[in-house]
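Subject: Structure handover

Hello,

Here is the structure I promised you. Please open it alongside this email. My notes follow below.

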Amino acid sequence: MAFILKGKPVADEIYRKLEERIGRLSEKNIIPCLAIVRVGNDESAEAYESSVLKAFSKRGLAVKSCVMPDNSTEAELTEVLREISGDKKVHGCMIMRPLPRHMDENRVLQCLSYEKDVDCVSRQALGGVFSGDKDCFAPCTAQACMEILDYYNVPLKGKRAAVIGRSLVVGKPLSVMLTGRDATVTMCHSRTLNTAEICAQQDIIIAAAGREKLVDKSYTNEHQYIIDVGINVGSDGKIHGDVDFEAVEPAVSAVSPVPGGVGSVTTAVLAEHLVTAAERQLS
């Protein structure tokens with residue numbers, strides 16, 4: 001039976017460490033405020049926004065919701081982002097993606113100021129991650145994976161790690177972050193040959209491919225730690241990860257569940273980034 005890498009204790013520890021910092025800002029009449037920009041009414045985006053609002057309101061953090069119609073123009077969205085960048089009462093911004101197809105997402109994201117890019121969506125922020133700049137904010141989900149590994153004392157130095165998925169949200173930045181901690185990283189993706197064979201030789205697997213139950217027992221060995229980043233709605237209407245939990249759990253050393261794993265930690269990391277951004281803008 002594998003040890004279950006639950007996200008809640010990790011998130012709780014992050015929030016506990018934030019309490020004093022939020023209190024110091026409050027003494028200066030500063031409430032860290034996150035702007036969430038959403039174009040349209042995607043149900044999953046709305047659900048995540050609601051979960052952030054709930055988590056933040058419990059801890060003295062503010063959320064400003066900026067909802068725009070589906071038919072908003074790219075110029076209108078970029079103007080909103082410029083207003084947020086210049087608003088001293090807003091300390092961070094999250095843009096719900098993907099944006100509508102009629103917008104150039106890459107161009108839009110560059111309109112957000114570096115100081116308020118708390119989820120690492122701009123080229124400047126991503127460049128900071130890839131170059132090892134400690135002052136930039138890493139993508140929250142990628143950072144959440146690192147927080148889980150650290151909380152549960154999973155050794156990284158000299159270990160072999162496979163990252164399945166090559167997105168700029170998780171796969172690519174996480175590979176760089178693991179390499180920065182002296183792990184030897186193999187990135188696998190949809191065109192990788194013999195992915196299961198490669199993964200079976202690794203000490204750590206991070207599954208972030210967006211494919212339901214992709215990682216089965218053939219990917220594993222008994223000493224592995226597996227972090228499941230996937231969120232997929234199955235034919236049964238339930239949320240499933242990229243890992244076949246029932247098949248993998250008896251075969252590995254430790255595995256994170258879905259739900260109950262990375263998601264709550266991602267929100268806590270977002271809160272930490274927001275507080276840090278508020279402290280920097282104050283100073």
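Which element gives the most to the lining of the second largest pocket? Before the answer, one caution: this is a predicted model. The answer is α1, with six residues.

The pocket

The second largest pocket has a volume of about 740 Å³. Its lining counts 30 residues. Nearest the centre lie Ala 138, Gln 143, Met 146, Glu 147 and Met 177. Five elements are listed as giving two or more residues to this lining: α1 (8-27), α5 (123-131), α6 (140-151), α7 (171-180) and α10 (262-282). Sorted by class, the lining holds 13 nonpolar, seven polar and ten charged residues.

Strand β2 covers residues 33-39 and pairs with β4 over four bridges, in the parallel sense. Seven bridges join β2 to β3, again running parallel. Look at Leu 34 to see both pairings. Its bridge partner in β4 is Gly 92, and its bridge partner in β3 is Val 63.

Together, β2, helix α2 (residues 43-57) and β3 make a right-handed β-α-β unit.

The six-stranded sheet

A further open sheet has six strands in the order β1-β11-β8-β7-β5-β6, with parallel pairing. Why is one side of β1 (3-4) and of β6 (184-188) left without a neighbour in the sheet? Both stand at the edges with a single partner strand each, so one side of each has no neighbour there.

Further in, four bridges join strand β5 (residues 160-164) to strand β7 (residues 204-207), and the two run parallel. Within this pair, Val 163 stands opposite Ile 206 in β7.

Helix α7 lies across β5, β6 and β7, running at about 165° to β6. One of the residues nearest the pocket centre is Met 177.

Best wishes

Terms used:
Residues are numbered from 1 along each chain as its sequence is written. This is a predicted model: local features need pLDDT of at least 70, side-chain atom pairs count only at pLDDT 80 or more; totals for chains, interfaces and linings use all residues. Side-chain values use heavy atoms; hydrogens and water are left out. On a 1 Å grid over the protein atoms alone, a cavity is a set of points where a 1.4 Å probe fits but cannot get out, and a pocket is an open set with protein on both sides within 12 Å along at least five of seven lines; lining residues have an atom within 4 Å of a point. Grid points are joined across faces, edges and corners, and a volume is the space filled by probe spheres set on the points. Ala, Val, Leu, Ile, Met, Phe, Trp, Tyr, Cys and Pro count as nonpolar, Asp, Glu, Lys and Arg as charged, and the others, Gly among them, as polar. Two strands pair if DSSP finds at least two bridges between them. A crossover is right-handed if, with the strands pointing away from the viewer, the path from the first strand over the helix to the second runs clockwise. Contact means heavy atoms within 4.5 Å. Axes are lines fitted to C-alpha atoms, for helices over the stretch in contact, and angles run from 0 to 180 degrees between N-to-C directions.
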